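Student: Could we go through this structure together, one question at a time?
Tutor: Gladly, here it is.

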Amino acid sequence: MRKTPPRILDPLSQRYFGEEDVSYQAAGGEQGLRKLCQAFYQAMDELPEAATIRAMHKEDLSELEDKLSLFLCGWLGGPIRYRDKYGPIVIPQAHAHLDIGPEERDAWLKCMQVALDQQNYTQEFKAYMMQSLWMPAELCRTKE
Ligand code: HEM
């Protein structure tokens with residue numbers, strides 16, 4: 001098990017990511033998260049190492065792009081938009097029917113890294129996102 005990682009300071013607001021809506025603001029709010037998620041699913045479409053997880057998804061990714069964007073709004077301390085539109089969600093449960101091992105988890109995280117690198121975000125925010133998404137991704141794992 002990993003140790004609790006050190007907190008990361010947002011160089012723009014001089015506050016810590018994870019406090020109130022600091023991360024949501026750093027992500028560019030809902031519009032910024034929509035851009036990020038568009039890039040995320042585009043990376044999933046294109047990266048050879050993501051082919052297995054791409055195949056788990058429907059052909060049309062537009063609803064999922066909306067769902068992930070709205071989920072991340074609340075998860076990053078902004079408005080709880082996913083629940084307002086789609087109802088409550090528990091991330092590991094939403095993935096329990098899928099075959100996700102370490103390779104699938106890491107492919108998902110790789111898509112996120114590629115998408116983050118395409119955004120106008122600080123290095124600190126990108127590092128915070130990758131650090132904090134590791135655990136939910138790990139909790140989606142359903143096999144060794
Ligand atoms: C660990 C690797 C992951 C894989 C392979 C994966 C794959 C998928 C797939 C295939 C779906 C569509 C499910 C379906 O149509 O039944 C889905 C849905 C979703 N995923 Fe993931 N996912 C992963 C991690 C994550 C993480 C870490 C998050 C959030 C931080 C997330 C957020 C979501 C959301 C919000 C939905 C929509 C659920 C719904 O409304 O039904 N996923 N994921």
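Tutor: Angles under 35 degrees count as roughly parallel, over 145 as roughly antiparallel, 65 to 115 as roughly perpendicular and the rest as oblique. Axes are lines fitted to C-alpha atoms, for helices over the stretch in contact, and angles run from 0 to 180 degrees between N-to-C directions. The model is predicted: local features need pLDDT of at least 70, side-chain atom pairs count only at pLDDT 80 or more, and totals for chains, interfaces and linings use all residues. Residues are numbered from 1 along each chain as its sequence is written, and side-chain values use heavy atoms, leaving out hydrogens and water.

Student: What orientation do α2 and α4 have to each other?
Tutor: Helices here are DSSP runs (H or I, at least four residues), numbered from the N terminus. Helix α2 covers residues 29-46, and α2 and α4 pack at an angle of about 135°, with axes 9 Å apart. α2 and α4 are therefore oblique to each other.

Student: And what orientation do α7 and α8 have to each other?
Tutor: The axes of α7 and α8 come within 10 Å and cross at roughly 160°. The pair is therefore roughly antiparallel.

Student: How many nonpolar residues are in the contact of α2 with α7?
Tutor: Contact means heavy atoms within 4.5 Å. Leu 36, Ala 39, Phe 40, Ala 43 and Met 44 in α2 meet residues of α7 including Trp 108 and Met 112. Ala, Val, Leu, Ile, Met, Phe, Trp, Tyr, Cys and Pro count as nonpolar, Asp, Glu, Lys and Arg as charged, and the others, Gly among them, as polar. With no polar and no charged residues, the contact of α2 with α7 has a nonpolar count of 11.

Student: How much space lies in the largest pocket?
Tutor: On a 1 Å grid over the protein atoms alone, a pocket is an open set of points where a 1.4 Å probe fits, with protein on both sides within 12 Å along at least five of seven lines. Grid points are joined across faces, edges and corners, and a volume is the space filled by probe spheres set on the points. For the largest pocket that space is about 820 Å³.

Student: Which residues are the closest to the centre of the largest pocket?
Tutor: Lining residues have an atom within 4 Å of a point. The largest pocket has 30 of them, and the closest to its centre are Tyr 41, His 57, Leu 64, His 95 and Leu 98.

Student: Which element gives the largest share of that lining?
Tutor: Elements that give two or more residues include α3 (51-56), α4 (62-75) and α6 (91-94). The largest share, 8 residues, comes from α4.
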